[in-house]
Amino acid sequence: FFVLLSMACCAGKCAPVPASRYPEPTDWGGWAECPGAEEQQHCAPPPPGRFTDSPWGYRGHHLVGVNFPLGGVGAGQVCLAGDGGLRQWQVCNQVNHLAHVPDTFFGIRVRTPHVDLAYVLQSPETYRPPAFQPPANSNDWKVPGNSVRLLQDLPGVRGLQLTGRYPIAEVDYDIPGLPVQVTLEAFTPLIPLQAGPRHSGLPCAIFAFSVCNRAAVPATVDLLGALQNFVGWPGDKASPPLVYGTQGSCFGGNVNAPFTSASEGVGSAGLHMRGSTNGSSPAHGDLTLLGFSSCGSISSLPQAESAPDLWGQFKRGNLPIAGLPRTTHPS
């Protein structure tokens, strides 16, 4: 299964963002201000949400239960959830709506002469929806505990808006004080009436980020894509869930191999992830995280001790830029 990350950037004037684009928070201060919170408790309620003028747009508590499918026809799927994270990892030849891969997220860091800000591009505003009555025949609304823990350890964004017009989802992030405007377009290539593996059956999800500087000073922007190597995990309901960290009872011999390439001014770097599972196992296979950029450098870090460790290196600017780090030792 391939996860592709691309970045486009622009300089100069951007379309102004109306002050009323998002509702102002009342007493909500963000998940990071809820020390010791357990799962979905002990947090102040998120800011109120409402539908946009678009019938396909969702924000606030209307994002509860939103899971936008990505993946080719017959090639498995992963969903872009209403919090901006990835859920329902059904790429292991299993059907399991609760399959979740921790330590897998996107992030942004922006530096100007005046600020140095970094955020995980996920929002906790749906983790405690007001007066929500879940449907009896669906679990799409359930928030993985690992998602909650991620935003307890790392700073998330205040809110987001997800506009879904299948097969394309667009995400607009609400990040007060950020001097750039960042948007995401997520999709899988599909060709109508062509369901073959070369047309609409590609086992991939593409995340294209666009960043526009709306400040009067130059800005340096770093984007981060993190993916746990879960090769060997059966992914079914009977399997032990993956844990928040680098340990897993189903792992063994997992390695991450970095690579780079360049063509016509577009640089790319990525990680090829594999394990030691038997070729006849439903969990056998490989993963690839690949990034493209037409306006800057791109690099890959094959291993980190944890999500906070990776985030610390990202914030300090310690991710490798030149040369290739070595392939990791088998786990």
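In the predicted model, Cys79 has Arg87 of strand β5 as its bridge partner. Gln77 likewise stands opposite Gln90 in β5. Strand β4, residues 77-81, runs antiparallel to β5 and is joined to β5 by three bridges. The two strands form a hairpin in which four residues lie between β4 and β5. Within that turn, Gly84 adopts a positive phi of about 95 degrees.

In the largest nonpolar core, which holds 43 residues, the members that touch the most others are Leu80, Tyr173, Phe207 and Phe230. In soluble globular proteins, nonpolar side chains tend to be buried together.

Seven aromatic pairs were counted. In one of the pairs, Phe230 and Trp233 have ring centres 6.1 Å apart and planes at 85 degrees, so the arrangement is edge-to-face. Phe230 and Trp233 are both buried. Ring pairs also bring in Trp89, giving a cluster of Trp89, Phe230 and Trp233. A further aromatic pair, formed by Trp311 and Phe314, is tilted, with 5.3 Å from centre to centre and 50 degrees between the planes. Both Trp311 and Phe314 are buried. These two residues lie three positions apart in helix α2, which means that about one helical turn separates Trp311 from Phe314.

Helix α2 comprises residues 307-316, and its buried residues are Ala307, Leu310, Trp311, Gly312, Gln313 and Phe314. The elements that cover these buried residues include the strands β6 (105-111), β7 (116-120) and β12 (220-226), together with helix α1 (145-153). Just after α2, Gly317 takes a positive phi of about 75 degrees.

Helix α1 contains Gly145. With a relative accessibility of 17%, Gly145 falls under the 20% limit and therefore counts as buried. Gly145 and Pro102 are 43 residues apart along the chain, and their C-alpha atoms are separated by 9.3 Å.

Asn213 belongs to strand β11, residues 204-213. The relative accessible area of Asn213 is 13%, so this residue is buried. Two contacts of the Asn213 side chain with backbone atoms were found. One is to the backbone nitrogen of Ala215, at 2.9 Å. The other is to the backbone oxygen of Val217, also at 2.9 Å.

Technical notes:
Residues are numbered from 1 along each chain as its sequence is written. This is a predicted model: local features need pLDDT of at least 70, side-chain atom pairs count only at pLDDT 80 or more; totals for chains, interfaces and linings use all residues. Side-chain values use heavy atoms; hydrogens and water are left out. Buried means under 20% relative accessible area, exposed over 50%, partly exposed in between (1.4 Å probe, protein chains only). Contact means heavy atoms within 4.5 Å. A polar contact is a pair of N or O atoms within 3.5 Å; within protein, one must be able to donate a hydrogen and the other to accept it, and residues adjacent in sequence count only if both atoms are side-chain atoms. A nonpolar core is a set of buried Ala, Val, Leu, Ile, Met, Phe, Trp, Tyr and Cys residues joined through side-chain atoms within 4.5 Å. Rings of Phe, Tyr and Trp (its six-membered ring) pair if their centres lie within 6.5 Å; planes under 30 degrees apart count as stacked, over 60 as edge-to-face and the rest as tilted. Two strands pair if DSSP finds at least two bridges between them.
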